[in-house]
Amino acid sequence: MQKIEQHYCFSGEQAVYQHQSVVLQCPMNFSIYIPSYAEGERLPVIYWLSGLTCNEQNFITKAGAQKYAAEYKVIIVAPDTSPRGVDVADDAAYDLGQGAGFYLNATEAPWSKHYQMYDYVVSELRQLVDQHFPTNTKQSIMGHSMGGHGALTIGLKNPELYHSISAFAPIVAASQVPWGIRAFTAYLGEDMQQWKQYDAVELVKTCKVQLPILIDQGTADSFLQEQLKPELIRQACIEKDYPLTLNMREGYDHSYYFISSFIESHIHFHARLLWG
């Protein structure tokens with residue numbers, strides 16, 4: 001593992017590391033913000049999953065999260081959104097291939113060789129972070145858009161690993177919207193039953209353990225009606241009596257201007273549960 005970027009920020013360190021991923025069979029970058037901490041102190045971790053076309057840089061340069069991570073004493077880790085490299089399968093469109101891993105384990109060629117982002121986030125990256133950084137092994141997960149889909153599905157599938165879940169403008173029902181249908185068909189094949197394991201609405205319907213979920217969604221988001229459909233997860237949570245807080249934010253769009261406006265409330269939401 002090699003540190004390729006480092007900045008002093010709000011009395012903590014914002015860094016980017018590169019390592020050779022065994023799961024993805026390629027080099028991977030991840031960013032990590034570590035606030036100031038006392039000798040021997042261990043801190044909880046919040047994982048951030050970014051959206052389509054993003055990498056490990058978008059969140060750390062646009063969200064303004066470091067100030068609040070320092071105040072609430074949490075580490076924030078943000079991986080890249082997919083495997084990358086000249087030997088890694090790709091597509092000319094922005095919503096498939098490199099930059100569009102969808103946080104699942106692909107089963108179809110040519111994607112299955114490298115596109116195992118679910119295992120990377122849940123196992124390899126988590127173990128790497130706990131081994132090399134001052135964590136107390138308590139963690140929560142959050143994300144945006146495709147990354148919101150990833151945060152919801154990973155958290156719902158692994159309630160023993162996470163304390164809470166949050167998302168900005170997430171794809172809540174990936175098997176029902178164009179982004180998800182395209183990705184799932186390519187990565188998972190035509191069997192729609194296989195898609196349900198990566199669909200947050202379907203997972204809410206069948207979950208046995210309930211983690212608190214916070215979602216913020218802008219009403220001026222251009223993807224709201226076609227791709228995001230937050231009403232579907234609201235209805236599923238009502239039927240399941242699942243603890244969901246869904247905030248519809250008047251006038252906000254899909255951008256990091258929206259994320260930076262409410263990132264403190266998400267970090268506070270997680271920190272309260274992680275330190276509680």
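Which residues is Phe59 in contact with, leaving aside its neighbours within four places in sequence?

1. Basis of the note. This is a predicted model, in which local features need pLDDT of at least 70, side-chain atom pairs count only at pLDDT 80 or more, and totals for chains, interfaces and linings use all residues. Residues are numbered from 1 along each chain as its sequence is written, and side-chain values use heavy atoms, with hydrogens and water left out.

2. Surroundings of Phe59. Beyond four places in sequence, Phe59 is in contact (heavy atoms within 4.5 Å) with Trp48, Ser50, Ala65, Ile76, Ala78, Met142, Tyr256 and Ile263.

3. Nonpolar core. The largest nonpolar core has 97 residues, and Phe59 and Tyr187 touch the most other members. Such a core is a set of buried Ala, Val, Leu, Ile, Met, Phe, Trp, Tyr and Cys residues joined through side-chain atoms within 4.5 Å. Buried means under 20% relative accessible area, exposed over 50%, and partly exposed in between, with a 1.4 Å probe and protein chains only.

4. Annotated site. An unreviewed UniProt entry places the feature "active site" at Ser145, Asp221 and His254. These residues are spread over 110 residues of sequence, yet they cluster in space, with a largest C-alpha distance of 10.9 Å. UniProt annotations may be inferred rather than shown by experiment.

5. Asp221. This residue lies in the loop between β8 (213-218) and α8 (224-228). Asp221 counts as buried because its relative accessibility is 5%. Its contacts beyond four places in sequence include Ala169, Tyr252 and His254.

6. His254. The loop between β9 (244-249) and α10 (256-275) holds His254. His254 has 13% relative accessibility and therefore counts as buried. Among its contacts beyond four places in sequence are Ser145, Ala169 and Asp221.

Key:
Helix = DSSP H or I, 4+ residues; strand = E, 2+ residues; numbered from the N terminus.
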